[in-house]
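Q: I'm new to this one and would like to learn how to read it. Can we go through it together?

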Amino acid sequence: MNLFEVYSLFDIEPVRAEGNYVFTQDGTKYLDMYGGHAVISIGHSHPDYKNRITKQLNKIGFYSNSVPIGIQQEMAEKLGELSGYPDWNLFLCNSGAEANENALKVASAYNQRKKVFVFEKGFHGRTSLAVAATDNPKILLPVNEGAEIIRLPLEDFDGAESVLLQQDVCCVLIEGIQGVGGINIPTINFLSHLRKLCDQTNTVLILDEIQSGFGRTGKFFAHQHSEVVPDVITIAKGMGNGFPVGGVMIHPKFKAQPGMLGTTFGGNHLACSAALAVLEIIEKESLIENADKIGAYLKEELISIPQVKEVRGLGLMIGIEFDFEIADLRDELLYSHHVFTGSSSNKKVLRLLPPLGIKKHEADQFLNALKEVLS
Ligand SMILES: Cc1ncc(COP(=O)(O)O)c(C=O)c1O
(Lines give C-alpha, C1' and ligand atoms only; values in the text may rest on other atoms or scores of the structure.)
Protein backbone atom coordinates (compact mmCIF):
# COMPACT_ATOMS: atom_id res chain seq x y z
CA MET A 1 0.00 0.00 0.00
CA ASN A 2 1.17 3.53 -0.69
CA LEU A 3 0.45 6.67 1.27
CA PHE A 4 -2.35 9.00 0.20
CA GLU A 5 -0.17 11.89 -0.87
CA VAL A 6 -1.81 15.00 0.54
CA TYR A 7 1.29 16.75 1.85
CA SER A 8 4.07 18.49 -0.08
CA LEU A 9 7.27 17.31 1.54
CA PHE A 10 10.73 18.68 2.14
CA ASP A 11 13.36 16.21 1.05
CA ILE A 12 14.75 15.77 4.57
CA GLU A 13 13.76 13.06 7.03
CA PRO A 14 14.59 13.60 10.68
CA VAL A 15 15.15 10.23 12.36
CA ARG A 16 16.29 11.46 15.77
CA ALA A 17 15.66 14.61 17.79
CA GLU A 18 17.06 16.19 20.92
CA GLY A 19 16.39 19.54 22.57
CA ASN A 20 15.91 22.16 19.88
CA TYR A 21 17.44 20.12 17.04
CA VAL A 22 16.45 17.24 14.77
CA PHE A 23 18.95 14.92 13.01
CA THR A 24 18.89 13.01 9.74
CA GLN A 25 20.28 9.47 9.29
CA ASP A 26 23.72 10.76 8.28
CA GLY A 27 23.92 12.80 11.52
CA THR A 28 23.25 16.24 9.98
CA LYS A 29 21.82 18.54 12.63
CA TYR A 30 18.89 20.92 11.93
CA LEU A 31 17.82 23.78 14.19
CA ASP A 32 14.06 23.58 14.79
CA MET A 33 12.61 27.10 14.53
CA TYR A 34 9.28 25.53 13.48
CA GLY A 35 8.62 23.19 16.42
CA GLY A 36 6.99 20.65 14.10
CA HIS A 37 4.21 23.23 13.49
CA ALA A 38 3.99 24.71 17.01
CA VAL A 39 3.78 21.25 18.58
CA ILE A 40 7.16 20.93 20.27
CA SER A 41 6.79 22.98 23.43
CA ILE A 42 9.28 21.47 25.90
CA GLY A 43 11.89 20.45 23.30
CA HIS A 44 12.48 17.11 21.59
CA SER A 45 13.04 13.88 23.53
CA HIS A 46 13.04 15.53 26.95
CA PRO A 47 14.24 12.88 29.46
CA ASP A 48 11.46 13.58 32.02
CA TYR A 49 8.84 13.38 29.26
CA LYS A 50 10.20 10.07 28.00
CA ASN A 51 10.37 8.69 31.55
CA ARG A 52 6.82 9.64 32.42
CA ILE A 53 5.34 8.12 29.26
CA THR A 54 7.51 4.98 29.54
CA LYS A 55 6.56 4.46 33.19
CA GLN A 56 2.89 4.89 32.32
CA LEU A 57 3.17 2.46 29.41
CA ASN A 58 4.72 -0.12 31.73
CA LYS A 59 1.69 0.21 34.06
CA ILE A 60 -1.34 0.70 31.76
CA GLY A 61 -1.45 2.39 28.36
CA PHE A 62 -5.16 2.51 27.68
CA TYR A 63 -8.58 1.75 29.00
CA SER A 64 -11.80 3.35 27.84
CA ASN A 65 -13.59 6.35 29.33
CA SER A 66 -16.04 3.92 30.94
CA VAL A 67 -13.77 3.69 34.00
CA PRO A 68 -12.09 6.30 36.21
CA ILE A 69 -8.68 7.37 34.84
CA GLY A 70 -6.90 9.03 37.77
CA ILE A 71 -4.20 10.69 35.68
CA GLN A 72 -6.89 12.73 33.85
CA GLN A 73 -7.78 14.45 37.11
CA GLU A 74 -4.10 14.87 38.08
CA MET A 75 -3.37 16.51 34.72
CA ALA A 76 -6.53 18.67 34.82
CA GLU A 77 -5.49 20.01 38.25
CA LYS A 78 -2.01 20.91 37.04
CA LEU A 79 -3.48 22.53 33.92
CA GLY A 80 -5.94 24.54 36.01
CA GLU A 81 -3.15 25.69 38.30
CA LEU A 82 -0.67 26.73 35.57
CA SER A 83 -3.25 28.29 33.25
CA GLY A 84 -4.96 30.33 35.95
CA TYR A 85 -8.34 28.61 35.51
CA PRO A 86 -8.42 26.23 38.54
CA ASP A 87 -12.24 26.23 38.79
CA TRP A 88 -12.95 25.32 35.19
CA ASN A 89 -13.71 21.86 33.76
CA LEU A 90 -11.84 19.93 31.08
CA PHE A 91 -13.03 17.67 28.27
CA LEU A 92 -10.21 15.67 26.70
CA CYS A 93 -9.94 14.72 23.03
CA ASN A 94 -7.24 13.98 20.47
CA SER A 95 -6.58 16.97 18.21
CA GLY A 96 -7.16 20.66 17.68
CA ALA A 97 -10.00 20.29 15.19
CA GLU A 98 -11.76 17.87 17.53
CA ALA A 99 -11.34 20.33 20.39
CA ASN A 100 -13.00 23.07 18.32
CA GLU A 101 -15.86 20.77 17.19
CA ASN A 102 -16.58 19.94 20.84
CA ALA A 103 -16.27 23.56 21.95
CA LEU A 104 -18.90 24.51 19.35
CA LYS A 105 -21.16 21.76 20.68
CA VAL A 106 -20.76 23.01 24.26
CA ALA A 107 -21.73 26.50 23.09
CA SER A 108 -24.72 25.29 21.10
CA ALA A 109 -25.96 23.04 23.93
CA TYR A 110 -25.84 26.11 26.18
CA ASN A 111 -27.84 28.64 24.15
CA GLN A 112 -29.45 26.35 21.54
CA ARG A 113 -28.29 28.62 18.70
CA LYS A 114 -26.40 27.65 15.54
CA LYS A 115 -24.65 30.65 13.97
CA VAL A 116 -20.86 30.71 14.38
CA PHE A 117 -19.11 34.08 14.13
CA VAL A 118 -15.46 33.86 12.99
CA PHE A 119 -12.75 36.06 11.43
CA GLU A 120 -11.06 36.43 8.08
CA LYS A 121 -7.69 34.63 7.85
CA GLY A 122 -8.75 32.38 10.75
CA PHE A 123 -7.85 28.68 10.88
CA HIS A 124 -9.69 26.23 13.14
CA GLY A 125 -9.04 22.76 11.69
CA ARG A 126 -10.12 20.33 8.98
CA THR A 127 -13.13 18.51 10.41
CA SER A 128 -16.56 19.47 9.22
CA LEU A 129 -17.62 22.45 11.30
CA ALA A 130 -14.03 23.48 12.09
CA VAL A 131 -13.17 23.65 8.38
CA ALA A 132 -16.35 25.59 7.67
CA ALA A 133 -15.20 28.07 10.31
CA THR A 134 -11.76 28.26 8.66
CA ASP A 135 -11.20 31.03 6.10
CA ASN A 136 -9.93 28.89 3.19
CA PRO A 137 -12.44 27.86 0.48
CA LYS A 138 -9.77 25.58 -1.07
CA ILE A 139 -10.08 23.07 1.76
CA LEU A 140 -13.89 23.19 1.99
CA LEU A 141 -15.87 20.43 0.25
CA PRO A 142 -19.59 20.06 -0.42
CA VAL A 143 -19.98 17.78 2.64
CA ASN A 144 -18.62 20.58 4.83
CA GLU A 145 -21.11 23.15 3.60
CA GLY A 146 -24.34 24.04 5.34
CA ALA A 147 -22.97 25.46 8.55
CA GLU A 148 -24.13 28.96 9.39
CA ILE A 149 -20.87 30.86 9.45
CA ILE A 150 -20.54 34.65 9.69
CA ARG A 151 -17.07 35.94 8.87
CA LEU A 152 -15.74 39.48 9.30
CA PRO A 153 -12.26 41.04 9.36
CA LEU A 154 -10.46 41.11 12.71
CA GLU A 155 -10.93 44.50 14.36
CA ASP A 156 -14.25 45.24 12.65
CA PHE A 157 -15.78 46.78 15.80
CA ASP A 158 -18.99 47.99 14.15
CA GLY A 159 -19.48 44.80 12.13
CA ALA A 160 -19.08 42.65 15.26
CA GLU A 161 -21.60 44.81 17.08
CA SER A 162 -24.25 44.58 14.38
CA VAL A 163 -23.77 40.78 14.05
CA LEU A 164 -23.95 40.09 17.78
CA LEU A 165 -26.79 42.47 18.56
CA GLN A 166 -29.02 40.30 16.36
CA GLN A 167 -29.08 38.07 19.50
CA ASP A 168 -29.08 34.87 17.44
CA VAL A 169 -25.37 34.01 17.26
CA CYS A 170 -24.29 30.86 19.12
CA CYS A 171 -20.65 31.76 19.61
CA VAL A 172 -17.65 33.80 18.60
CA LEU A 173 -14.64 31.61 17.70
CA ILE A 174 -11.35 33.52 17.62
CA GLU A 175 -7.67 32.55 17.74
CA GLY A 176 -5.57 34.01 20.58
CA ILE A 177 -3.20 35.00 17.77
CA GLN A 178 -3.94 33.96 14.18
CA GLY A 179 -1.19 31.50 13.27
CA VAL A 180 -1.82 29.97 9.86
CA GLY A 181 -3.20 33.36 8.72
CA GLY A 182 0.24 34.99 9.16
CA ILE A 183 0.52 36.02 12.85
CA ASN A 184 -2.22 38.58 13.34
CA ILE A 185 -2.96 39.65 16.92
CA PRO A 186 -6.44 40.76 17.94
CA THR A 187 -6.07 43.97 19.95
CA ILE A 188 -6.97 44.04 23.64
CA ASN A 189 -9.73 46.53 22.78
CA PHE A 190 -11.23 44.23 20.18
CA LEU A 191 -11.23 41.24 22.56
CA SER A 192 -12.84 43.39 25.28
CA HIS A 193 -15.45 44.59 22.76
CA LEU A 194 -16.31 40.98 21.87
CA ARG A 195 -16.46 40.03 25.56
CA LYS A 196 -18.85 42.87 26.30
CA LEU A 197 -21.10 42.05 23.35
CA CYS A 198 -21.12 38.34 24.20
CA ASP A 199 -22.17 39.16 27.78
CA GLN A 200 -24.93 41.43 26.50
CA THR A 201 -26.32 38.85 24.07
CA ASN A 202 -25.76 35.48 25.82
CA THR A 203 -23.23 34.53 23.10
CA VAL A 204 -20.40 32.15 24.00
CA LEU A 205 -16.83 33.46 23.56
CA ILE A 206 -14.50 30.64 22.47
CA LEU A 207 -10.76 31.31 22.37
CA ASP A 208 -8.91 28.95 20.05
CA GLU A 209 -5.52 28.71 21.81
CA ILE A 210 -4.51 25.57 19.95
CA GLN A 211 -1.44 27.22 18.44
CA SER A 212 -1.02 30.23 20.74
CA GLY A 213 -1.49 28.43 24.06
CA PHE A 214 0.69 26.42 26.43
CA GLY A 215 3.16 29.24 27.03
CA ARG A 216 4.01 29.97 23.41
CA THR A 217 3.38 33.73 23.62
CA GLY A 218 5.06 34.38 26.97
CA LYS A 219 1.82 33.90 28.97
CA PHE A 220 0.06 30.58 29.40
CA PHE A 221 -2.57 31.76 26.90
CA ALA A 222 -2.30 34.56 24.34
CA HIS A 223 -5.59 36.11 25.50
CA GLN A 224 -4.01 36.55 28.95
CA HIS A 225 -2.07 39.50 27.55
CA SER A 226 -5.51 41.13 28.00
CA GLU A 227 -7.91 41.01 30.95
CA VAL A 228 -10.55 39.17 28.92
CA VAL A 229 -11.81 35.88 30.33
CA PRO A 230 -13.41 33.69 27.64
CA ASP A 231 -16.16 31.11 28.23
CA VAL A 232 -14.42 28.22 26.51
CA ILE A 233 -10.76 27.66 25.52
CA THR A 234 -9.51 25.05 23.07
CA ILE A 235 -6.05 23.48 23.38
CA ALA A 236 -3.90 20.91 21.54
CA LYS A 237 -0.48 21.13 19.75
CA GLY A 238 2.04 22.08 22.52
CA MET A 239 -0.09 20.27 25.10
CA GLY A 240 1.38 16.85 24.29
CA ASN A 241 4.72 17.86 22.71
CA GLY A 242 3.89 15.49 19.85
CA PHE A 243 1.67 13.00 21.63
CA PRO A 244 -1.81 13.52 20.08
CA VAL A 245 -3.95 15.18 22.74
CA GLY A 246 -6.42 18.06 22.73
CA GLY A 247 -8.85 19.56 25.18
CA VAL A 248 -11.74 21.91 25.76
CA MET A 249 -11.48 24.04 28.90
CA ILE A 250 -14.99 24.96 30.00
CA HIS A 251 -16.21 27.70 32.36
CA PRO A 252 -18.18 26.30 35.34
CA LYS A 253 -21.39 28.00 34.15
CA PHE A 254 -21.72 25.20 31.54
CA LYS A 255 -23.29 22.07 32.99
CA ALA A 256 -22.17 18.64 31.78
CA GLN A 257 -24.80 16.06 30.81
CA PRO A 258 -23.91 12.36 30.50
CA GLY A 259 -23.42 11.54 26.80
CA MET A 260 -23.25 15.19 25.72
CA LEU A 261 -19.67 14.75 24.37
CA GLY A 262 -17.55 11.64 23.91
CA THR A 263 -14.52 9.99 22.34
CA THR A 264 -12.78 6.60 22.46
CA PHE A 265 -9.17 7.70 22.75
CA GLY A 266 -9.53 11.15 24.36
CA GLY A 267 -7.86 11.41 27.76
CA ASN A 268 -6.15 8.03 27.57
CA HIS A 269 -3.44 7.22 30.08
CA LEU A 270 -0.52 7.83 27.73
CA ALA A 271 -1.87 11.14 26.41
CA CYS A 272 -2.45 12.38 29.96
CA SER A 273 1.02 11.31 31.07
CA ALA A 274 2.49 13.23 28.09
CA ALA A 275 0.43 16.35 28.90
CA LEU A 276 1.26 16.14 32.61
CA ALA A 277 4.98 15.85 31.82
CA VAL A 278 4.71 18.90 29.53
CA LEU A 279 3.07 20.96 32.29
CA GLU A 280 5.62 19.90 34.90
CA ILE A 281 8.54 20.73 32.60
CA ILE A 282 7.04 24.09 31.57
CA GLU A 283 6.86 24.99 35.26
CA LYS A 284 10.18 23.52 36.39
CA GLU A 285 12.21 25.05 33.55
CA SER A 286 10.36 28.41 33.50
CA LEU A 287 9.68 27.95 29.80
CA ILE A 288 7.00 30.64 29.63
CA GLU A 289 9.45 33.23 30.93
CA ASN A 290 12.03 31.97 28.45
CA ALA A 291 9.54 32.28 25.56
CA ASP A 292 8.91 35.86 26.60
CA LYS A 293 12.61 36.72 26.91
CA ILE A 294 13.97 35.03 23.79
CA GLY A 295 10.91 36.13 21.79
CA ALA A 296 11.55 39.78 22.70
CA TYR A 297 15.24 39.37 21.77
CA LEU A 298 14.39 37.81 18.41
CA LYS A 299 11.86 40.52 17.58
CA GLU A 300 14.28 43.30 18.45
CA GLU A 301 17.03 41.79 16.29
CA LEU A 302 14.71 40.97 13.41
CA ILE A 303 13.29 44.45 13.08
CA SER A 304 16.78 45.86 12.58
CA ILE A 305 17.32 43.72 9.43
CA PRO A 306 16.78 46.12 6.48
CA GLN A 307 14.85 43.64 4.27
CA VAL A 308 12.33 42.91 7.07
CA LYS A 309 9.13 44.90 6.52
CA GLU A 310 7.32 44.03 9.73
CA VAL A 311 7.69 41.71 12.72
CA ARG A 312 4.49 40.58 14.44
CA GLY A 313 3.76 38.27 17.32
CA LEU A 314 4.34 37.66 21.01
CA GLY A 315 6.83 35.38 22.73
CA LEU A 316 7.90 32.58 20.43
CA MET A 317 5.03 32.96 17.97
CA ILE A 318 6.58 35.34 15.47
CA GLY A 319 5.72 36.37 11.91
CA ILE A 320 8.37 38.09 9.80
CA GLU A 321 6.89 39.92 6.83
CA PHE A 322 8.97 40.70 3.75
CA ASP A 323 7.93 42.48 0.58
CA PHE A 324 8.66 39.31 -1.43
CA GLU A 325 7.38 35.72 -1.22
CA ILE A 326 9.42 33.66 1.22
CA ALA A 327 9.33 30.13 -0.32
CA ASP A 328 12.92 30.36 -1.68
CA LEU A 329 14.19 31.98 1.52
CA ARG A 330 12.69 29.13 3.54
CA ASP A 331 14.26 26.52 1.26
CA GLU A 332 17.64 28.16 1.53
CA LEU A 333 17.42 28.34 5.33
CA LEU A 334 16.65 24.63 5.38
CA TYR A 335 18.92 23.19 2.70
CA SER A 336 21.93 25.50 3.01
CA HIS A 337 21.78 26.54 6.68
CA HIS A 338 19.97 23.58 8.24
CA VAL A 339 17.20 25.59 9.89
CA PHE A 340 13.52 24.57 9.83
CA THR A 341 11.07 27.51 9.71
CA GLY A 342 7.34 27.81 9.01
CA SER A 343 5.26 29.48 6.32
CA SER A 344 1.72 30.85 6.50
CA SER A 345 -1.22 31.51 4.20
CA ASN A 346 0.30 34.96 3.66
CA LYS A 347 3.09 33.98 1.24
CA LYS A 348 5.28 36.88 2.38
CA VAL A 349 5.34 35.85 6.05
CA LEU A 350 7.96 33.53 7.54
CA ARG A 351 6.65 31.98 10.74
CA LEU A 352 8.75 31.08 13.79
CA LEU A 353 7.38 28.59 16.32
CA PRO A 354 10.45 27.09 18.01
CA PRO A 355 10.44 24.99 21.20
CA LEU A 356 9.86 27.23 24.24
CA GLY A 357 13.26 26.48 25.77
CA ILE A 358 15.26 27.81 22.84
CA LYS A 359 18.51 29.44 23.94
CA LYS A 360 20.01 32.76 22.92
CA HIS A 361 22.86 31.13 20.98
CA GLU A 362 20.27 29.13 19.01
CA ALA A 363 18.28 32.28 18.27
CA ASP A 364 21.59 33.82 17.08
CA GLN A 365 22.24 30.80 14.87
CA PHE A 366 18.90 31.47 13.15
CA LEU A 367 19.50 35.23 12.92
CA ASN A 368 22.94 34.74 11.37
CA ALA A 369 21.56 32.25 8.86
CA LEU A 370 18.76 34.62 7.91
CA LYS A 371 21.14 37.56 7.48
CA GLU A 372 23.43 35.44 5.30
CA VAL A 373 20.57 34.33 3.06
CA LEU A 374 19.37 37.92 2.71
CA SER A 375 22.84 39.35 1.99
C1 LIG B 1 -5.45 27.82 15.67
C2 LIG B 1 -5.63 26.40 15.23
N3 LIG B 1 -6.79 25.78 15.49
C4 LIG B 1 -6.99 24.50 15.14
C5 LIG B 1 -6.03 23.77 14.49
C6 LIG B 1 -6.28 22.34 14.11
O7 LIG B 1 -5.54 21.47 14.88
P8 LIG B 1 -5.32 19.97 14.44
O9 LIG B 1 -4.47 19.99 13.20
O10 LIG B 1 -4.64 19.31 15.63
O11 LIG B 1 -6.66 19.38 14.17
C12 LIG B 1 -4.79 24.39 14.20
C13 LIG B 1 -3.74 23.64 13.47
O14 LIG B 1 -2.85 24.21 12.86
C15 LIG B 1 -4.59 25.73 14.57
O16 LIG B 1 -3.44 26.37 14.30
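Q: Which residue stands opposite V22 in strand 2?

A: That's A17. Strands here are DSSP runs of E with at least two residues, and helices are runs of H or I with at least four, numbered from the N terminus. Before we go on, this is a predicted model: local features need pLDDT of at least 70, side-chain atom pairs count only at pLDDT 80 or more, and totals for chains, interfaces and linings use all residues. Residues are numbered from 1 along each chain as its sequence is written.

Q: How do strand 1 and strand 2 run, and how many bridges join them?

A: In general, strands of a sheet pair through backbone hydrogen bonds, either parallel or antiparallel. Here strand 1 and strand 2 (residues 21-23) run antiparallel, joined by three bridges. Pairing takes at least two bridges found by DSSP.

Q: In what order do the four strands of the open sheet come?

A: The order is 1-2-3-13, with mixed pairing. Strand 1 (16-18) and strand 13 (339-340) are the edges, each pairing on one side only.

Q: Now helices. At what angle do helix 9 and helix 11 cross?

A: The general idea first: two packed helices are described by the angle between their axes and the distance between the axes. The axes of helix 9 (residues 287-303) and helix 11 come within 10 Å and cross at roughly 25 degrees. Axes are lines fitted to C-alpha atoms, for helices over the stretch in contact, with angles from 0 to 180 degrees between N-to-C directions. Helix 9 and helix 11 are therefore roughly parallel. The label covers angles under 35 degrees; over 145 is roughly antiparallel, 65 to 115 roughly perpendicular, and the rest oblique.

Q: Which residues meet there?

A: I294, Y297, L298 and E301 in helix 9 meet K360, A363 and L367 in helix 11. Contact means C-beta atoms, placed from the backbone, within 7 Å. By class, that's five nonpolar, no polar and two charged residues. Nonpolar covers Ala, Val, Leu, Ile, Met, Phe, Trp, Tyr, Cys and Pro; charged covers Asp, Glu, Lys and Arg; the others, Gly among them, are polar.

Q: And how do helix 10 and helix 11 cross?

A: The axes of helix 10 (residues 327-335) and helix 11 (residues 360-374) come within 10 Å, crossing at roughly 125 degrees. So helix 10 and helix 11 are oblique to each other. L329, E332 and L333 in helix 10 meet A369, L370 and V373 in helix 11.

Q: What are the domains?

A: The domain assignment gives domain 1 (47-284) and domain 2 (286-374); such bounds come from an automatic or database assignment. Their centres, taken over C-alpha atoms, are 26 Å apart.

Conventions
Contact = placed C-beta atoms within 7 Å.
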